[in-house]
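Visitor: I would like to learn how to read the features of a protein model, one after another. Could you show me the structure and begin with the words I shall need?

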Amino acid sequence: MAKRTKPAAKRSPAAAKFPKVGPGELLTLLDFVRFAVSRFIEAKLVFAHGTTDPLAEAAFLICEALHLHPDQLETFATARVTVTEGKKILDLIERRVTTRKPAAYLVNKIYMRGLPFYVDERTIVPRSFIGELLESHFGGDGNEEGGSLISDPPSVESVLDLCTGSGCLAILAAQHFPNAEIDAVDISKDALEVAARNVGDYRLEGRLTLHRGDLFKPLRDKRYDLIISNPPYVDAEGMADLPRECRAEPKLAFDGGADGLDIVRRILDEAHAHLTPRGGLLCEIGRCRPQLEDAYPELPLLWLDTEDSEGEVFWIAAADL
């Protein structure tokens, strides 16, 4: 990972120029994907902003340039790209390499659980594991290891999303819990402007209310059947080593204090007063599990794994707080 910002070193002439592509050298979607993957690997880009590797990132950017869903790449892999489309694709690839901005900022879009959401530099690029957990552990029988934490999603009447950012998790919760009223809180005015756009895109203004404030403060004594949160949890060492891609995102969305738990502690300490007796808290904390278990050894935290994570999200019932 990159160190703290230092004076830029003089780049060699080879590194300073993005390779030129001659007419007819790249023809099909697959040609452009291969070219993008090569450039991303060559530039040592960092991923994890909605994509996990160079191939997924290339597919995402190229499909966005062509107004295709990433799932359609295979269908059109051998289709030829027009000259105008090719220029647009190459421009995106070059901007990704030279600016090191997350791909989501370049196209103002991210997908979570297959659904598109608007995103820009006013908010962190969403990549929470909670969306997957809402599907795997909240409804039906759940998985064999953890079971279902809330077996009847229609019975959930109220959900709170703390540190909502662009509002993606709140919107996913609104879709998963069809009878729930959703509150979503963030301290950032800029982030809430992005969230409002997404709420409007999904026509959820009647069910999903955005609040500006510090965690529970704007909610007074309201209680919820479910609280979800993907708060800032990067510790001081991690903040110093953030890669360039992450430094393009709002610092406020990352900084969790010296050990990464400043916000998480407050959520745990205050959540019980805002949960119904049958409710529970679902919270993502990245790699802070050892620090959290040391700080709260008495809490029976249930750690939930996803396809791409292990021990980064915990669940605790209201009765155990």
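Guide: Helices (H or I, at least four residues) and strands (E, at least two) are DSSP runs, numbered from the N terminus, and contact means heavy atoms within 4.5 Å. This is a predicted model, in which local features need pLDDT of at least 70 and side-chain atom pairs count only at pLDDT 80 or more, while totals for chains, interfaces and linings use all residues. Residues are numbered from 1 along each chain as its sequence is written, and side-chain values use heavy atoms, with hydrogens and water left out.

Visitor: What covers the buried residues of α6?

Guide: Buried means under 20% relative accessible area, exposed means over 50%, and partly exposed lies in between, using a 1.4 Å probe and protein chains only. In α6, the buried residues are Ile130, Gly131, Glu132, Leu133, Leu134 and His137, and the cover over them includes the helix α7 together with β6 (224-229), β7 (275-284), β8 (302-306) and β9 (309-317). Because 6 of the 8 residues of α6 are buried, this helix is largely enclosed by the rest of the structure. Following α6 comes Gly139, whose phi is positive, near 140°.

Visitor: How many residues of helix α7 are buried?

Guide: In α7 (residues 168-176), 7 of the 9 residues are buried, so this helix too is largely enclosed by the rest of the structure. Its buried residues are Cys168, Leu169, Ala170, Ile171, Leu172, Ala173 and Ala174.

Visitor: Where in the structure is His137 found, and which side chain does a polar contact join to that of His137?

Guide: A polar contact is a pair of N or O atoms within 3.5 Å; within protein, one must be able to donate a hydrogen and the other to accept it, and residues adjacent in sequence count only if both atoms are side-chain atoms. His137 belongs to helix α6 (residues 130-137) and is buried, with a relative accessible area of 1%, and a polar contact of 2.8 Å links its side chain to that of Ser136.

Visitor: Is Glu249 buried or exposed, and which residues does it touch?

Guide: Glu249 sits in the loop between α10 (244-247) and α11, and with a relative accessible area of 5% it is buried. Leaving out residues up to four places away in sequence, Glu249 touches His49, Pro102, Tyr105, Ile124, Val125, Arg127 and Phe254; its side chain forms a polar contact of 2.8 Å with the side chain of His49.

Visitor: Is Asp269 buried or exposed?

Guide: Asp269, in helix α11 (residues 262-271), counts as exposed at 56% relative accessibility. The side chains of Asp269 and Tyr296 are joined by a polar contact of 3.0 Å, whereas the C-alpha atoms of Asp269 and Val21, 248 residues apart along the chain, are separated by 57 Å.

Visitor: How should I read two helices that pack together?

Guide: Two packed helices are described by the angle between their axes and the distance between the axes. Axes are lines fitted to C-alpha atoms, for helices over the stretch in contact, and angles run from 0 to 180 degrees between N-to-C directions. Here α2 and α3 pack at an angle of about 130°, with their axes 9 Å apart. Angles under 35 degrees count as roughly parallel, over 145 as roughly antiparallel, 65 to 115 as roughly perpendicular and the rest as oblique, and α2 and α3 are therefore oblique to each other.

Visitor: Which residues of α2 and α3 meet?

Guide: From α2, Leu29, Phe32, Val33, Ala36, Val37, Phe40 and Ile41 meet Pro54, Leu55, Glu57, Ala58, Leu61 and Ile62 of α3. The residues of this contact divide into 12 nonpolar, no polar and 1 charged, where Ala, Val, Leu, Ile, Met, Phe, Trp, Tyr, Cys and Pro count as nonpolar, Asp, Glu, Lys and Arg as charged, and the others, Gly among them, as polar.

Visitor: At what angle do the axes of α3 and α4 cross?

Guide: The axes of α3 (residues 54-65) and α4 (residues 83-99) cross at roughly 140° and come within 9 Å, and α3 and α4 are therefore oblique to each other. Glu57, Leu61, Ile62 and Ala65 in α3 meet Lys88, Ile89, Leu92 and Arg96 in α4, and the residues of this contact divide into 5 nonpolar, no polar and 3 charged.

Visitor: What should I know about phi?

Guide: Most residues other than glycine have a negative phi. Lys44, in the loop between α2 (29-42) and α3, has a positive phi near 55° and counts as exposed at 64% relative accessibility. Arg100, in the loop between α4 and α5 (103-107), has a positive phi of about 60° although it is not a glycine, and is buried, with a relative accessible area of 13%.
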